[in-house]
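Welcome! Here are some exercises to work through with the sequence and the model side by side. Try each task before you read its solution.

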Amino acid sequence: MGPSFKIMRIAGIPLLIHWTFLVLLAWFFFSPLVRGGPDAWGAALHSVGLVLGVFVCVVLHEFGHALTARRFGIRTRDVTLLPIGGVARLERMPENPVQELIVAVAGPAVNVVIVALLVPLILVTMGPEAFRPPAEFRLGSVSIVVSLVWVNVMLVVFNMLPAFPMDGGRVLRAILAMAMPRANATRIAAAVGQGMSVLFAVVGFMVGNVLLMLIALFIFLGAAAEAKATVAGEALRGVRVGDAMVRRFRVLFESDSLQDAADEL
């Protein structure tokens, strides 16, 4: 998808931002200005502030996975911000089902903590009225902090759907792996995940949500790729290097025919 740019290092893990995320920020900033209105600049700054707030929550979510995986000796190569969310590139997922379950729920658990911190703050400073939907919803009609509460609730619900390789799908795979071989658990979780991705794509098409359709494509391809990698890894478990080595060699001369080479193969 092109280059990502390193913006900082947190707990020794590089935080990258993909160039398309900058396009997303520009879109949210300039859209209110193009539409115009008496408070176009305020709406532009509000929308950019909300996007940045959401992605701070996404970064915390991904570092929840990364730092929990570190407790089990698994390094994280980097965390990348994309328009569809964040991706923590772990060197590998834990093969122990209990450890995988803990790593998978660590991200959504961070969002739960964020909600638990923001709700009392809002109740004290703004009162219960802050959570009442406005009579006429428009950009800027709900404060950024209140919006972040609902965004984190949606992140928890959405991520815990059993759509492998999302968090909920990994929870499903971990639970299945407690009762069956990991390869079989991965096949089942991947099939469920691809089924969910088709549902996401249909819903996204019906409501005109391009982002949901992109997420559906990501889930479908990701589930297939990880299932293939896991099955291959399980099949190669215990195979020695010597079992795959070519031990017999023959030198071919310029005078040999291509048929001689084919016969040797």
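**Exercise 1.** What should the 32 residues of helix α2 (residues 40-71) span at 1.5 Å a residue, and how far apart are its end C-alpha atoms?

*Solution.* Before we start, note that this is a predicted model, where local features need pLDDT of at least 70 and side-chain atom pairs count only at pLDDT 80 or more, while totals for chains, interfaces and linings use all residues. Residues are numbered from 1 along each chain as its sequence is written, and side-chain values use heavy atoms, with hydrogens and water left out.

Step 1: helices (H or I, at least four residues) and strands (E, at least two) are DSSP runs, numbered from the N terminus. Step 2: the expected span of a helix is 1.5 Å times one less than its number of residues, so α2 should span 46 Å. Step 3: the end C-alpha atoms of α2 are 47 Å apart, which agrees. Just after α2, G73 has a positive phi of about 80°.

**Exercise 2.** At what angle do helix α1 (residues 19-35) and α2 pack, and which residues make the contact?

*Solution.* Step 1: axes are lines fitted to C-alpha atoms, for helices over the stretch in contact, and angles run from 0 to 180 degrees between N-to-C directions. The angle here is about 155°, and the axes are 7 Å apart. Step 2: α1 and α2 are therefore roughly antiparallel to each other (angles under 35 degrees count as roughly parallel, over 145 as roughly antiparallel, 65 to 115 as roughly perpendicular and the rest as oblique). Step 3: now look for the contact (heavy atoms within 4.5 Å). On the α1 side, F21, L24, L25, F28, F29, P32 and L33 take part; from α2 come A40, W41, A43, A44, L45, S47, V48, V51, L52 and F55. Step 4: sorted by class, the contact of α1 with α2 has 16 nonpolar, 1 polar and no charged residues (Ala, Val, Leu, Ile, Met, Phe, Trp, Tyr, Cys and Pro count as nonpolar, Asp, Glu, Lys and Arg as charged, and the others, Gly among them, as polar).

**Exercise 3.** How far apart are the axes of helix α6 (residues 182-207) and helix α7 (residues 210-235)?

*Solution.* Step 1: the axes are 8 Å apart, and the angle is about 170°. Step 2: that makes α6 roughly antiparallel to α7. Step 3: by class, the contact of α6 with α7 has 15 nonpolar, 6 polar and 4 charged residues.

**Exercise 4.** Is R173 buried or exposed?

*Solution.* Step 1: find R173 in helix α5 (residues 167-177). Step 2: R173 has 0% relative accessibility, so R173 counts as buried (buried means under 20% relative accessible area, exposed over 50%, partly exposed in between, with a 1.4 Å probe and protein chains only). Step 3: leaving aside neighbours within four places in sequence, the contacts of R173 include E100, E226 and T230.

Now compare two more residues. L15, in strand β2 (residues 13-18), is buried at 4%. V231, in helix α7, is partly exposed at 25%, and beyond its neighbours within four places in sequence V231 is in contact with A183 and R187.

**Exercise 5.** Which peptide bond is cis, with omega near 15°?

*Solution.* Step 1: the bond runs from F164 to P165. Step 2: P165 lies in the loop between α4 (144-159) and α5.
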